[in-house]
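Hello,

I am handing over a structure that is new to you, and my notes follow below it. Please have a look at it first, then read on.

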Amino acid sequence: MASFCLLVTHAPFEQQHAFTAYRFACSVLALGHEIKGVFFYQAGVQNANGYQAGHSDEFNVHQAWIELGTQHRIPLNVCVTAANRRGVINAQDAKDNDQHGFNLTEPFIEVGLGDLVELCQVSDKVIQF
């Protein structure tokens, strides 16, 4: 059994990378491996944007990540700096910056790049999408 860290650097609807990362995660878990965590970085932080509204007949990657993270207790880490620069903020950041709402909700959590380093250190393999 191997342990994985997934690094997602693409937004959910710009290319197929985020969907491929999700499908890879499902396959890894089905084979009995472990995912130590998913780290969303650069444009990949858009996967945590709760204000996404795709078409009803499209696969909802945001909701799929939430269900996968919750069901398998996989930390869904979002780079705080990349998220804030792209308008993905949590409740505290919204309050601190006098914003009217927030779009980052649990189980996604904002973390720093140090958390990515730790995640890489405790994982056997790091796969970037």
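**A buried asparagine**

Asparagine 47 counts as buried, because its relative accessibility is 0% (buried means under 20% relative accessible area, exposed over 50%, partly exposed in between, with a 1.4 Å probe and protein chains only). Before going further, please note that this is a predicted model, in which local features need pLDDT of at least 70 and side-chain atom pairs count only at pLDDT 80 or more, while totals for chains, interfaces and linings use all residues. Residues are numbered from 1 along each chain as its sequence is written, and side-chain values use heavy atoms, with hydrogens and water left out.

Asparagine 47 lies in the loop between β2 and α2 (61-72); helices (H or I, at least four residues) and strands (E, at least two) are DSSP runs, numbered from the N terminus. Among the residues that asparagine 47 touches, not counting those up to four places away in sequence, are Val8, Phe40, Trp65 and Phe108 (contact means heavy atoms within 4.5 Å). The side chain of asparagine 47 also reaches the backbone oxygen of histidine 10, at 3.1 Å.

The open sheet has 5 strands in the order β4-β3-β2-β1-β5, with parallel pairing (two strands pair if DSSP finds at least two bridges between them). At its edges are β4 (108-111) and β5 (125-128), each pairing on one side only. Strand β2 (residues 34-40) is joined to the parallel strand β3 (residues 76-79) by 3 bridges, and valine 38 stands opposite leucine 76 in β3. Helix α1 (residues 17-30) packs on the sheet, where it touches β1 (3-8), β2 and β5.

**Helix α2**

In α2, Val61, His62, Ala64, Trp65, Ile66, Leu68 and Gly69 are buried. Their cover includes β1, α1, β2, β3 and β4. At the start of α2, a side-chain oxygen of asparagine 60 comes to within 3.2 Å of the backbone nitrogen of histidine 62. Arginine 73 follows α2 and has a positive phi, near 55 degrees.

**One salt bridge**

How many salt bridges does a search of the whole structure find? The search finds 1, with a salt bridge defined as a side-chain nitrogen of Lys or Arg within 4 Å of a carboxyl oxygen of Asp or Glu. This salt bridge is between the side chains of lysine 36 and glutamate 34 (3.5 Å, N to O). Lysine 36 is partly exposed, at 29% relative accessible area, and glutamate 34 is partly exposed too, at 31%.

Best wishes

Key. Axes are lines fitted to C-alpha atoms, for helices over the stretch in contact, and angles run from 0 to 180 degrees between N-to-C directions. A polar contact is a pair of N or O atoms within 3.5 Å; within protein, one must be able to donate a hydrogen and the other to accept it, and residues adjacent in sequence count only if both atoms are side-chain atoms.
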